[in-house]
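Hi,

Here's the structure I said I'd pass on. Have a look at it first, and then read my notes below.

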Amino acid sequence: MQLYKNQQLKVHNSLSGKKEPFEPINEGHIGMYVCGPTVYSNVHLGNCRTFMSFDMIFRYFKHLGYKVRYVRNITDAGHLENDADEGEDKIAKKAKLEQIEPMEVVQRYTVDFHNTLQQFNFLPPSIEPTATGHIIEQIEIIKEIIDNGFAYEINGSVYFDVIKFNETNDYGKLSGRKLEDMIANTRELTAQSEKRNPQDFALWKKAEPQHIMRWPSPWGDGFPGWHLECTAMSTKYLGETFDIHGGGMDLKFPHHECEIAQSEASSGKSPVKYWLHANMLTLNGKKMSKSTGNNIYPSEIITGENDILSKAYSASVVRFFMMQAHYTSILDLSDEALLASEKGYYRLMDGMDNVSKLNTGASSDFDVKSWLQKCYDAMNDDFNTPILISQLFEAVKHINLIKEGKESITEADKTLLQNTMTTFVHEILGIENQAAAEDNSQTLSGVVELLIGLRNEARSNKDFATSDKIRDELIALGIQLKDGKDGTTFSLK
Ligand code: AMP
Ligand code: ZN
């Protein structure tokens, strides 16, 4: 269903600093690129927040009936320490430290990333390309930028000429910076720097002999600069100009600013119609960050094994906690905040459980249709999930009143209410009913135990046809029985 035709979605575009009506370049289709993780360590909960914000946005677009191509990359090369052009590659440094291959580092933390996202009920993106898989595309873009006069080669490295670019284009338009101020605020180039200006950034870096991650290029063996991979992969899969580019606020400068410069300097086109930036998760009022150690890992929340936590929290509670804040607001993580979210989460789940049990009557005191539109209005206002959640609690309030017999609801409204709650909570916010999942697994255990009992009975009656049938049909359902000396156990395949 093309629900988007009836909804007036607005998104906050960082490029204009305003909320703008959302109109995709090709009707009914959306191309969305989100910068993925640099896979040199486990993702922390801050990284998860940014990816979760875009997962919610992806889910809402899909719900509205758009055909979405969502590209989220894996940075597995080229990201140097401190986001600068000097220093070591983050992945190569970790590989040296752990005495393993860089690609082992990449594999280990890519697997961790995927497992974590699965735990938090993320939808997979449409394409998940890697930087190392797109070296040729990156080299092609560098050649175009050099041909257009916006980059220069020196000693086997290639740098983007920011001053030259700014003569005809606007470097700083996304982050609201002026090149003159940047120049005034930077110190002289360090003696070993070969760049013409401190603002110039690397497109290609020459690999020193000890550097393991290296590729041949027209300028000699080397590796690409970090900003270039996103330009190469977004252009390849979404075109020279696409609808949405997302990432954390901290990527606005220099990363996204440089992406714009690279595209304009190569294709001559502005790459993105709407730039969306998700805000930071903080801990103790400070940004969670891999490098400072001020962070908490998803696994620590799930097990409760961190000093700031009084207990463990389920992935659904954490997701609910994240969704209670608008994606452009800073969110501070604390035990108190998680405890409050946990209470809210269970209140919402109870409300949802209760809808199906409501008695119905001839009329409704709760105007479900206008409430439903308020849920959409919240999401249409730049994905305002906290307002949506307050609307969901408004419904819970009425559900409880109907349950107590103080209000009534018609059968049709009850069905609409139930479907809407499910759509917004599960499908759009991606929040699962953990208690229901646990209940289901307990029910399953009970049923299998019952069948094991019946099979034992059949076996003692020498009715092997029945006992084999039970075993074989359970296998067909993915349940394996194992007979041991202490009785029969089962496992799920
Ligand atoms: P990285 O792997 O460091 O490139 O980060 C992956 C994503 O996580 C980027 O979009 C960052 O902007 C985002 N990010 C990093 N730290 C935080 C944080 N504390 N809160 C929210 N997002 C973050
Ligand atoms: Zn990027």
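At what angle do helix α12 and helix α14 pack, and how far apart are their axes? Keep in mind that this is a predicted model. In it, α12 (residues 368-380) and α14 (residues 411-428) pack at about 15 degrees, and their axes are 10 Å apart. Angles under 35 degrees count as roughly parallel, so α12 is roughly parallel to α14. Their crossing is left-handed.

If you want to find the contact on screen, α12 brings Val 368, Lys 369, Trp 371, Leu 372, Cys 375, Tyr 376 and Met 379 to it. From α14 come Asp 413, Leu 416, Leu 417, Thr 420, Met 421, Phe 424 and Ile 428. Sorted by class, the contact of α12 with α14 has 11 nonpolar residues, one polar and two charged.

Helix α14 also meets helix α11 (residues 335-355): the axes come within 10 Å and cross at roughly 145 degrees. This crossing of α11 and α14 is left-handed. Here α11 uses Leu 348, Met 349, Met 352 and Val 355, while the α14 residues include Leu 417, Met 421 and Val 425. The contact of α11 with α14 splits into seven nonpolar, three polar and one charged residues.

Next, have a look at helix α4 (residues 135-147) and helix α8 (residues 252-266). Their axes come within 8 Å and cross at roughly 65 degrees. Since 65 to 115 degrees counts as roughly perpendicular, α4 is roughly perpendicular to α8. The crossing of α4 and α8 is left-handed. Ile 141, Glu 144 and Ile 145 of α4 touch Gln 262, Ala 265 and Ser 266 of α8. That contact of α4 with α8 has three nonpolar residues, two polar and one charged.

One last thing, this time from a database record. Which residues does the UniProt annotation "binding site" cover? The entry, which is unreviewed, lists Cys 35, Cys 230, His 255 and Glu 259. They are spread over 225 residues of sequence, yet they cluster in space, with a largest C-alpha distance of 11.1 Å. Cys 35, Cys 230 and His 255 from this set are part of the lining of the largest pocket. To locate Cys 230, go to helix α7 (residues 226-238), where this residue sits.

Happy exploring!

Key: Residues are numbered from 1 along each chain as its sequence is written. Chains are lettered from A and ligands numbered from 1 in the order in which they are written. This is a predicted model: local features need pLDDT of at least 70, side-chain atom pairs count only at pLDDT 80 or more; totals for chains, interfaces and linings use all residues. Side-chain values use heavy atoms; hydrogens and water are left out. Axes are lines fitted to C-alpha atoms, for helices over the stretch in contact, and angles run from 0 to 180 degrees between N-to-C directions. Helices (H or I, at least four residues) and strands (E, at least two) are DSSP runs, numbered from the N terminus. Angles under 35 degrees count as roughly parallel, over 145 as roughly antiparallel, 65 to 115 as roughly perpendicular and the rest as oblique. A crossing is left-handed if the near helix is turned anticlockwise from the far one by less than a right angle, and right-handed if clockwise. Contact means heavy atoms within 4.5 Å. Ala, Val, Leu, Ile, Met, Phe, Trp, Tyr, Cys and Pro count as nonpolar, Asp, Glu, Lys and Arg as charged, and the others, Gly among them, as polar. UniProt positions are given in the numbering used here, feature names are shortened, and annotations may be inferred rather than shown by experiment. On a 1 Å grid over the protein atoms alone, a cavity is a set of points where a 1.4 Å probe fits but cannot get out, and a pocket is an open set with protein on both sides within 12 Å along at least five of seven lines; lining residues have an atom within 4 Å of a point.
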